[in-house]
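Here is a short briefing to read alongside your structure. It starts with the packing inside and then turns to some backbone details.

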Amino acid sequence: MKKFITLISILALQFASIAQVPRTWTEYFSFQNVTQLETVDDNIFALSNNGIFVYNRNTKEITKITKLNGLSSVGLTCMAFCDYTSSFLVGYSDGTLNIIDYPSLNIQSIKTITQKNIYGSKQINQICMHNDTAFIATEFGIISFSLHNKTFIATTILSNDGDYLPVKSISASSSMIYAATTKGIYSANIAASNLSDFSTWNKLSGIPYENDTIRYIAANGGNIYYAHCNTLDNSKDSVFVITNGTATAFKTQIPNLSGISSRNNILGLTAKFVAKVYDSSQKLLFSYDSTNVVNSYTDIVIANDGSQWVGDANYGLISCEHSKVIVPQGPNSNHIADLFYENKNLHVVSGRISLWESLLYSVKTLGGGWYGTSDWRIGNSQCIYVMPNTSTYYIGTYGFGFTQSEHSWVIDTVYNLTNSTLLQPYYTNGTETTISDITSDKYGNLWIINQSSNTPIIAIDKENTWHPFSIAPISGSNYDLKNLYNNMFIDNNGYKWLTGTSYLSVFNDNKTLDDSSDDQFVRIPLSDAEGTIASRSTCVTEDLTSEIWVGTTQ
């Protein structure tokens with residue numbers, strides 16, 4: 001019995017020792033999708049989906065504020081700075097609020113909105129400061145919050161019947177508050193005793209698009225500026241100014257609008273390729289234009305030294321004076337499609353199949369730095385593979401074939417229908433081709449999945465000879481969902497395991513790429529004696545005892 005107790009004690013000490021081993025996480029977010037800027041003292045605060053970074057204009061230092069050092073989560077949507085309390089209020093897509101004290105950057109989380117019994121979205125769309133009160137535009141209405149007391153004041157539902165009316169933008173003058181909604185513009189006296197009472201709010205009538213969605217609104221210099229964004233044609237976006245109750249078209253009309261802001265009596269207008277600022281008399285003070293089709297401006301601010309700064313959805317923070325891009329090191333995008341670690345470098349591709357996106361490739365080096373490239377000729381990168389013990393890497397795309405390169409800053413070759421008759425299109429008259437996975441065997445042959453084609457498996461040997469392998473569809477056409485192979489794993493025997501269909505499929509070329517007579521192909525149904533286990537296989541691997549493990553949708 002004593003021996004048993006001693007053994008248990010030793011094991012407990014060992015496990016306690018293991019449990020105390022520090023495990024430190026590091027984030028590698030992309031901060032290139034800047035959606036809002038604020039300037040405080042010598043600092044530019046840049047908000048992106050996954051966090052905030054602070055750029056000091058004098059020291060050139062960058063400080064990141066992320067979930068790792070106090071933010072509640074990702075999905076940041078907006079922020080506003082309160083001069084009265086010297087703090088930021090940050091909003092999230094799930095309704096969470098964070099208070100960030102300045103300059104300490106201490107963070108407090110407020111989850112009251114997320115815990116409210118509200119159906120539908122609780123997303124916070126914009127925050128407007130008036131003294132120490134924050135007016136918060138959400139998808140269900142307006143909330144007022146005291147930064148001084150850190151308490152909620154009122155919740156406004158802009159309807160008589162209690163139905164939620166989304167508020168897209170909000171702004172305040174010295175005496176009034178204005179809400180841009182999906183059914184026009186509402187206003188109320190900012191000193192009203194009960195803003196929760198819908199009767200204290202008035203709907204603006206007799207203005208263009210009075211019953212439509214108004215996306216942006218800003219009070220500036222005694223005028224109200226608002227924007228109607230055309231959801232079908234962004235070139236028809238329009239900006240209006242209300243003066244003494246009369247609305248007229250603003251003197252400058254910009255397509256592809258992304259925001260209207262008011263800071264220190266300065267009006268800011270941003271659109272995809274242009275950012276402009278006006279004084280309170282509508283005099284143009286500064287314009288920053290782009291000829292780069294990749295630019296997508298989101299906000300513009302003027303710092304206390306007069307310098308102008310633009311936020312960009314694809315590049316991060318831009319100094320207008322030098323056209324210099326400022327962004328923390330990290331991957332090109334937060335849409336991480338695939339990772340591959342080889343020779344002490346982490347290779348990352350960022351792409352999606354549901355949205356056209358340029359080929360984005362990033363590498364984190366052994367020294368800790370990031371570098372990479374983007375290529376707008378090719379889109380939707382979805383898999384990355386580096387040939388072992390070489391510097392040759394391959395990127396597979398959804399619809400654009402696959403690339404081969406020796407350096408991250410240039411694409412050497414793009415294999416598609418124009419230079420390879422072996423790659424087949426989705427369907428009879430198609431021009432696109434999709435590579436869903438890339439790997440290699442121990443003999444140095446490259447293997448790819450040419451999805452939705454008559455030859456879904458292709459091997460490329462070291463002499464660059466292509467060997468396509470035909471596989472009969474389970475049923476229907478090769479483009480049917482049940483015939484879409486997504487991933488390939490090559491085990492120690494050289495068998496190629498394919499996932500993605502309602503089966504786990506295995507292919508064996510018997511180490512003879514040129515001889516198809518000895519090929520073997522087997523489909524293992526995802527079912528047992530009681531019926532179907534799962535509708536699709538998703539991933540597969542081999543353990544140290546040569547057992548094969550398969551992941552499924554169930």
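**Cores and backbone details**

The largest nonpolar core in this predicted model has 25 residues, and those with the most contacts inside it are Tyr-361, Phe-402, Ile-438, Leu-446 and Ile-448. Two or more residues each come from β31 (358-364), β33 (381-386), β34 (393-397), β37 (434-440), β38 (446-451) and β39 (457-460). Of these, β33 gives the largest share, with 4 residues.

**Packing**

**A cis peptide bond**

- The bond from Tyr-102 to Pro-103 is cis, with omega near 10°.
- You will find Pro-103 in the loop between β7 (97-101) and β8 (107-110).

**Positive phi outside glycine**

- Lys-60 is not a glycine, yet its phi is positive, at about 65°.
- Lys-60 sits in the loop that links β3 (51-56) and β4 (62-65), and Lys-60 counts as exposed because its relative accessibility is 52%, where exposed means over 50%.
- Asn-264, also not a glycine, has a positive phi of about 50°.
- The loop between β21 (257-263) and β22 (266-271) holds Asn-264, and Asn-264 is exposed, with a relative accessible area of 74%.

Notes: Residues are numbered from 1 along each chain as its sequence is written. This is a predicted model: local features need pLDDT of at least 70, side-chain atom pairs count only at pLDDT 80 or more; totals for chains, interfaces and linings use all residues. Side-chain values use heavy atoms; hydrogens and water are left out. A nonpolar core is a set of buried Ala, Val, Leu, Ile, Met, Phe, Trp, Tyr and Cys residues joined through side-chain atoms within 4.5 Å. Buried means under 20% relative accessible area, exposed over 50%, partly exposed in between (1.4 Å probe, protein chains only).
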